[in-house]
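This report walks through selected local features of the structure shown below, with the cut-offs behind each term given where the term is used.

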Amino acid sequence: MQEIIERIERLRRERDAIILAHIYQTGEIQDIADYVGDSLGLACSAAKTQAKVVVLAGVRFMAESVKLLNPEKTVLLPAWGAGCPMADMIDTDMVAELKRGHPGAKVVCYVNSSAAVKAVSDICCTSSNALRILASIPAENEVIFIPDKNLGSYLAEKSGRRIILCDGYCPIHQAFRAREAEQLRAQYPGSLLLAHPECGPELRDLADFIGSTTEIVDYCARSPETSFIIATERGVLHPLARLRPDARLIPVSAHGGTCPNMKMTTLEAIARVLADNEGEVQVPEEYAAPARAALEKMMAVS
Ligand code: SF4
């Protein structure tokens, strides 16, 4: 492993590249990254970087967003086949139908979506800034939220606004069961349940804290408590184990909670794309400009 890490270091210097890793990546990928964070953090880092090349250790929609925010940079996706089932649950025809049913509504698009879908939306959001983005839309406007029905229903609960939802969901977070969380609480009394808003409403109703992955990590790092049930993708356990070596960190699902797409990135693939530029991401011109506008509107509010 040391050999491949040294190779990546050399290539990274030669190509003036940075590696951005989503917090759901494996520990070894997080450990070599210049920045590790959630979708909002990755978007902000991508917008600020001076590097010529950005390697995105994550899934396709993230690499597309980095390219949209950095059209002049080379953006490389090492795991070429890494998609997102939630992003695939909405397409432009479905958005058009929702708009026809609700003329005048503003479309708020979770960044977990294709560039084509972003292009027909008014503004993007992440799970970290979704409430702020929603608050930026005048109360008289109806809001269509795509594609995650769970994050959308969470926003409706928190804001008191009626939000038109579609039927998308993250299969990883949707699979977490309230019953499992209750059993773990009984097994580990006093544990706090920390949940991502992509979880279903029954589990969210039990949670002591609901937030994005970064917010969950920050909450856990600052909390005086010492036992946490974690209801999000298992990648967050890697930084949490470092930040809270004293704490018991219990994944809410004994067998699930791992996103196979997020685990497709390997050190070898990172070295390969840096060496030969394989996996360069391009966003078709036909929708790059409106998709970029939806992302930039989000960045201006964040
Ligand atoms: S964790 Fe869920 S939302 Fe994130 S990439 Fe995997 S399937 Fe998509």
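Asp16 counts as partly exposed because its relative accessibility is 34%, where buried means under 20% relative accessible area, exposed over 50% and partly exposed in between, computed with a 1.4 Å probe on protein chains only. Asp16 is placed in the loop between helix 1 (2–15) and strand 1 (17–22); helices (H or I, at least four residues) and strands (E, at least two) are DSSP runs, numbered from the N terminus. The phi angle of Asp16 is near 55 degrees, which is a positive value in a residue other than glycine.

Asn277 also has a positive phi, near 65 degrees, and is likewise a residue other than glycine. Asn277 is located in the loop between helix 14 (267–276) and helix 15 (285–301), and with a relative accessible area of 26% this residue is partly exposed.

## Basis of the model

The model is predicted, so that local features need pLDDT of at least 70 and side-chain atom pairs count only at pLDDT 80 or more, while totals for chains, interfaces and linings use all residues. Residues are numbered from 1 along each chain as its sequence is written, and side-chain values use heavy atoms, with hydrogens and water left out.

## A cis peptide bond

The peptide bond that runs from Ile146 to Pro147 is cis, its omega being near -15 degrees. Pro147 itself lies in the loop between strand 7 and helix 8 (149–159).

## Ligand surroundings

The ligand sits in the largest pocket. On a 1 Å grid over the protein atoms alone, a pocket is an open set of points with protein on both sides within 12 Å along at least five of seven lines, in contrast to a cavity, where a 1.4 Å probe fits but cannot get out; lining residues have an atom within 4 Å of a point. A molecule sits in a pocket if more than half of its atoms lie within 2 Å of its grid points.

Around the ligand are Tyr24, Cys84, Pro85, Asn112, Cys170, Pro171, Ile172, Glu198, Cys259 and Met262, a residue being near a molecule if one of its heavy atoms lies within 4 Å of it. By class, this shell has 8 nonpolar, 1 polar and 1 charged residues, with Ala, Val, Leu, Ile, Met, Phe, Trp, Tyr, Cys and Pro counted as nonpolar, Asp, Glu, Lys and Arg as charged, and the others, Gly among them, as polar.

## Aromatic contacts

A search of the whole structure finds 2 aromatic pairs, for which rings of Phe, Tyr and Trp (its six-membered ring) must have centres within 6.5 Å, with planes under 30 degrees apart counted as stacked, over 60 as edge-to-face and the rest as tilted. Tyr110 and Phe145 form a tilted pair, 6.5 Å centre to centre with 35 degrees between the planes. This pair links distant parts of the chain, since Tyr110 is in strand 5 (residues 106–110) and Phe145 in strand 7 (residues 143–146), 35 residues apart. Tyr110 and Phe145 are buried.

The pair of Phe209 and Tyr219 is stacked, because the ring centres are 4.3 Å apart and the planes are at 20 degrees. Phe209 lies in strand 10 (residues 209–210) and Tyr219 in helix 12 (residues 213–222), so this pair ties together parts that are 10 residues apart in sequence. Tyr219 counts as partly exposed, at 23% relative accessibility.
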